[in-house]
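Me: Hi! Could you walk me through this one? I'd like to start with how the elements get named.
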Amino acid sequence: MSRSAIHGWLLLLPAFALLALFTHWPVFGTLWDSFHATPKGSRPAPFVGLENYQVMIADEVFWRSLVNNFWYAVGTIPMSIALAILMALWVNSAMAGRTWLRMAFFTPTVLPMIAVANIWLFFFTPQYGLLEQLTGLFGISGRNWLGDPQTALGCVIVVAVWKEAGFFMIFYLAALQSIPPSLAEAAALEGASRAYYFRRIVFPLLMPTTLFVLVNAVINSFRLVDHIVVMTRGGPNNATSLLLFHVYQVGFSFWDTGYAAALTVVLLVILAAFAVGQFVFLDKRVHYQ
Amino acid sequence: MRRLETAAAWLLGFLWILPLLYAFWTAFHPPEFSTRFVLAAPLTLDNFRRAWEAAPFARYFLNSFMLVTMVLAAQLVLCTLAGYAFARFEFRGKDIAFFLVLVQLMIMPDVLIVENYRTMARLGILDSIPAIGLPYMASAFGIFLLRQTFKTVPRELDEAARVEGAGPLEILWKVYVPLARPVYLAYGLVSVSYHWNNFLWPLIITNSVTSRPVTVGLQVFSSGDQGIDWSVITAATLMTSAPLLIGFLLFQRQFVQSFMRAGIK
């Protein structure tokens, strides 16, 4: 091996050891454990084949979480991306008070999800919460927003959109600032409307950013469950249980780690499918070079 | 039309900041005014005092501070070395190694909680601050960001230092690191806010006052026997967010630019 190669590997070694221990190994460990029962005491866990997966197929909460997670993703991703673009356009324009607006939009990003979930919990409280007081003005009071299976998932989605949109705005803002102003001038000279200019010029130029944000939004919709723990604990009647939250409950409330590993495998398969899709559909430039 | 748009933007901005305003109102007024919005309501710091006395928040703050510092220090060293290797060294298997690093961007430690818990149990470090930080220390995002940055450093600078007899680590320290300073600042801000705010993994791995970060402390506090004393809970909530919130309000431009910089690489 050449000197350069030895140096390269030595420089890589510390980071790689940790990555192997806490990312690569756990992926295989998850798969391995999903075929084994939950260990009891110090005895090694017996091999049970596909039993954990059979349990999963019969587990209603799992299916409910999967469906919820789908709607959660559908509810949060397009909405937060659309709002992020709108916010970025506003903040990037010559609008009065745009520094204030940028601050207002971005603030949720720096706050802990667990802390803002507490605030939102208060916001949604029946009888005297702010939402109840506001809707009371219109005579539609008496709703328990988080306690009703019909509305609970919607509430959780609202919180996630509120938390994420300002974060995604930043990426769009960076992209908008790299669009040369001469394009807007040329479009104005040609008499193009602002809507037309946005649809035919700005939006296509924002495409790489949209793809980048999309990937982030997808990962977040499977990763971010902090507010579920605080606001609903998956309830009422599992209406807000998401996949990772179910893993957490099975693994650390019921301590059934064998089954929790099988559930994690499903989560990993979904994420891997998105990763592959990203490599196929996305320009490689987004990651390499 | 323009005026209507400005009004819409302001309305959205107001809606966005409303939950926070609401929290401020409740935290700084006596409990009887927590949901009654009267301008004459007296201001008070009593809710903060009660929250501070009701739980060991001083210890939680110290734990969070130690956690964030430890993670950032380790990330800076590990990611700098690895980013340098990927940017400026040729070796067999480099592409595969880089791919194996990028895997972590998709499969983050946040979803590997079951296995990582077992690993920590085997290592005998459950319920400790290093256990919270370890899975995040080799950050794929950091390695990627620094690799991109180091690649933009002109090779001539590198070679000039080599002619003067500097070794690889010396070149890294004297040429690459100083040039990447804004990226380090950007990465630092992103990392600190991520780990100060992180919740699920710390919740799982910690079990005592001596290792819980503020986020977990807040959860234990607000779901405990406080009942629903919203005044105290919102005060505690604002307290735990305060360091980042104040930092953000003071250095707004740097924050926004740092997140931007971290995003476009």
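Reply: Happy to! Helices are DSSP runs of H or I with at least four residues, strands are runs of E with at least two, and both are numbered from the N terminus. Keep in mind that this is a predicted model.

Me: OK, so what order do the elements of chain B run in from the N terminus?
Reply: They go α-α-α-α-α-α-α-α-α-α-α-α-α-α. The count for chain B is 14 helices and 0 strands.

Me: What radius of gyration does chain B have?
Reply: Chain B has 23 Å, while a compact globule of 265 residues would be near 18 Å. The C-alpha trace of chain B spans about 75 × 60 × 30 Å along its principal axes.

Me: And how much of chain B is buried?
Reply: 48% of its 265 residues count as buried.

Me: Let's zoom in. At what angle do α3(B) and α10(B) pack?
Reply: About 140°, with the axes 10 Å apart; α3 covers residues 57-88 of chain B and α10 covers residues 181-197.

Me: Why call that oblique?
Reply: Angles over 145 degrees would count as roughly antiparallel, so at about 140° α3(B) is oblique to α10(B). Their crossing is right-handed.

Me: Which residues make the contact?
Reply: Among them are B:L67, B:V71 and B:Q75 of α3(B), and B:Y184, B:G188 and B:W196 of α10(B). By class, the contact has 8 nonpolar, 5 polar and no charged residues.

Me: Switching topic: how many residues does each chain bring to the contact between A and B?
Reply: Chain B gives 70 residues and chain A gives 72. Helix α1 of chain B, residues 2-28, supplies the largest share of the chain B side, with 10 residues. That side has 49 nonpolar, 17 polar and 4 charged residues.

Technical notes: Residues are numbered from 1 along each chain as its sequence is written. Chains are lettered from A and ligands numbered from 1 in the order in which they are written. This is a predicted model: local features need pLDDT of at least 70, side-chain atom pairs count only at pLDDT 80 or more; totals for chains, interfaces and linings use all residues. Two residues are in contact if their C-beta atoms, placed from the backbone, lie within 7 Å. Ala, Val, Leu, Ile, Met, Phe, Trp, Tyr, Cys and Pro count as nonpolar, Asp, Glu, Lys and Arg as charged, and the others, Gly among them, as polar. The radius of gyration is taken over C-alpha atoms; the globule rule is 2.2 Å times the number of residues to the power 0.38. A residue is buried if 20 or more other C-beta atoms lie within 10 Å of its own, exposed if 12 or fewer, and partly exposed in between; C-beta atoms are placed from the backbone. Axes are lines fitted to C-alpha atoms, for helices over the stretch in contact, and angles run from 0 to 180 degrees between N-to-C directions. Angles under 35 degrees count as roughly parallel, over 145 as roughly antiparallel, 65 to 115 as roughly perpendicular and the rest as oblique. A crossing is left-handed if the near helix is turned anticlockwise from the far one by less than a right angle, and right-handed if clockwise.
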